[in-house]
Structures are given as C-alpha cells and as structure tokens.
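Open the model in your viewer and keep the selection tool ready. Each stop below says what to select and what is there.

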Amino acid sequence: MSPPNSSPLDSKPRPQRKPILCYVTHRRSLQVASQTDLIQPLLEKIDLVAAAGVDWIQLREKDLSGKLSASLTREALRRIAKQASHGQCASRALVNDRLDVALAEQAGGVHLGENSLPVQEATRLLRSYPAAKTLPPGFLVGVSCHSLEAAQSAASAGADYIFFGPVFATPSKAAFGLPQGLERLAEVCTSVTIPVLAIGGITIANVASCFSAGASGIAAIRLFQDSADPASVVRTIRQQSF
C-alpha cells in the first residue's frame, strides 16, 4: 500500500526489461486510396511493422469470417516466418477472439475481449484440444480489461497478460468510456503479477509515462499503422524505456 498522500506513480519503479510493443491491426482505418480490398494493404503494413521490430501483432479484424480470418492469419504467419528466416527476430502473431483460428493456424496466442470467451474456458480448451499439443512454445492467452476488478479477475483466472485501457482519449476506444488515466494504470500494474500493456491513445509523447506507471509494454493501432517509418517509432520507444 502506498504511503499517505502518495500515489502509485510515486512509488512504482520503471521496468528495466525491454518493453513489449504490440501492433493492433485495423484494416478499415488504413490510409489507402481504395477501401475495396484491404487485406493486401494490411499484409503489406504487417510486413513493415514486423520488420520494424515489434514484439507482437494482434490480428484484430473482427468482421472477418472464420475462413477469412484463418486465411489472414496463415499469410501473416508466413510473412513473419520469412522475415525470421532472414535473421529478423520474429514477431508473435495473436488472433483476436478466435481461439479456433489461433489453434488451427498455429498462431502465437489468442487475445480475448473482456466479454468474449472466458479465460478459464480458453485454457480448458487448450488442455483438451488435440491441435493444442503442436502449438508453438509459449502460446499466450491475453485479455482486454477496462477496470481494476476485471484485470484482477483475468489474472486470477490464468491470463498470461492484460491490455488495460483506454489510458488516454482515443476514437477507437470511445465505446469503453472515459480515459482511465495513468493513476489507474499504475494501480492495475501494482495489483497483478502478469504483464500489463497500456492501450488507448498511445503516442510517442506519452509512451514513457506508461512505462513509468509500471506498464510492461504498450499496444496501439495508429502509432504503428499510420507511421510511414515504423522502425523509427520502435527505436524511439525503445530509447524511452530505459
């Protein structure tokens, strides 16, 4: 517990380990001339961001059918593996919500919404599903959380990591209410022992404050997707994490 008249931000040390950087895809917000076929531009963006050195790529295309989601995941994994074969450190691909797709395509993890498949059910399926036995090492189950209570519940249920937010104001997270702020982010980080990634309105200007609040990393759409030079963004963030 923090001393009287202090806040979690006063006492929480900045993490010394390399922060986790996660690009969250959103093909419909890509800045391209034609909105007809957005899969190819998205794959090209995934190429750029993976080459830039992000740790995770969350494939968050919620409107795709299971078949199209599987196809996107398969091609994203192929491109990531190709970069790794050339000496590039491979990004981990996380599939949003679709545990079936993540299992079938041998992705690096599944990311669950706060109101989607419960963590306990996901881990039960992982133990019982035959395809789970051939998954890559360290398959992750993560959860989006928008309150301290939800974060604690997800951690207790066996989640490997948490996305917490929105920390700052952002159009993509407006449906989840007002920004949580850095104080609440710090409270969440001190209340769980698994990695917490800050999400929502993350920019180059505020990323260091997320690390100071105790976040193990950040997740973002526009920060990576709208940049013409994702490698420069990644380098700048890495420099601010020390």
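The tour goes from confidence to barrel, then to a helix and a group of aromatic rings.

**Before you start.** This is a predicted model, in which local features need pLDDT of at least 70, side-chain atom pairs count only at pLDDT 80 or more, and totals for chains, interfaces and linings use all residues. Residues are numbered from 1 along each chain as its sequence is written, and side-chain values use heavy atoms, with hydrogens and water left out.

**Stop 1: colour by pLDDT.** This is the predictor's confidence in each residue, from 0 to 100. The protein's mean is 88, and 87% of its residues reach 70 or more. Now select residues 1-16: here the pLDDT is below 50. In the model this stretch has 26 contacts (heavy atoms within 4.5 Å) beyond near neighbours in sequence. Where pLDDT is low, predicted coordinates should not be read in detail.

Stop 2: Select the strands, which are DSSP runs of E with at least two residues; helices are runs of H or I with at least four, and both are numbered from the N terminus. S1-S2-S3-S4-S5-S6-S7-S8 make a closed barrel of 8 strands with parallel pairing. The twist from one strand to the next averages 25 degrees. Angles run from 0 to 180 degrees between N-to-C directions, with axes fitted to C-alpha atoms, for helices over the stretch in contact. Zoom in on S5 (residues 140-145): 4 bridges join S5 to S6, in parallel. Pairing takes at least two DSSP bridges. Gly-142 stands opposite Tyr-161 in S6.

**Stop 3: helix H2.** Select residues 39-52. H2 packs on the sheet and touches strands S1 (20-24) and S2, at about 170 degrees to the direction of S1. Next comes Gly-53, with a positive phi near 105 degrees.

**Stop 4: the aromatic rings.** How many aromatic pairs are there? The count is 2, with ring centres within 6.5 Å (planes under 30 degrees apart are stacked, over 60 edge-to-face, the rest tilted; Trp by its six-membered ring). Select Trp-56 and Tyr-161: their centres are 4.7 Å apart and their planes at 50 degrees, so the pair is tilted. Trp-56 is in S2 and Tyr-161 in S6, so the pair ties together parts 105 residues apart in sequence. Tyr-161 and Phe-163 form a tilted pair, 5.5 Å centre to centre, with 50 degrees between the planes. Both are buried, and Trp-56 is buried too. Trp-56, Tyr-161 and Phe-163 form one aromatic cluster.

Conventions:
Buried means under 20% relative accessible area, exposed over 50%, partly exposed in between (1.4 Å probe, protein chains only).
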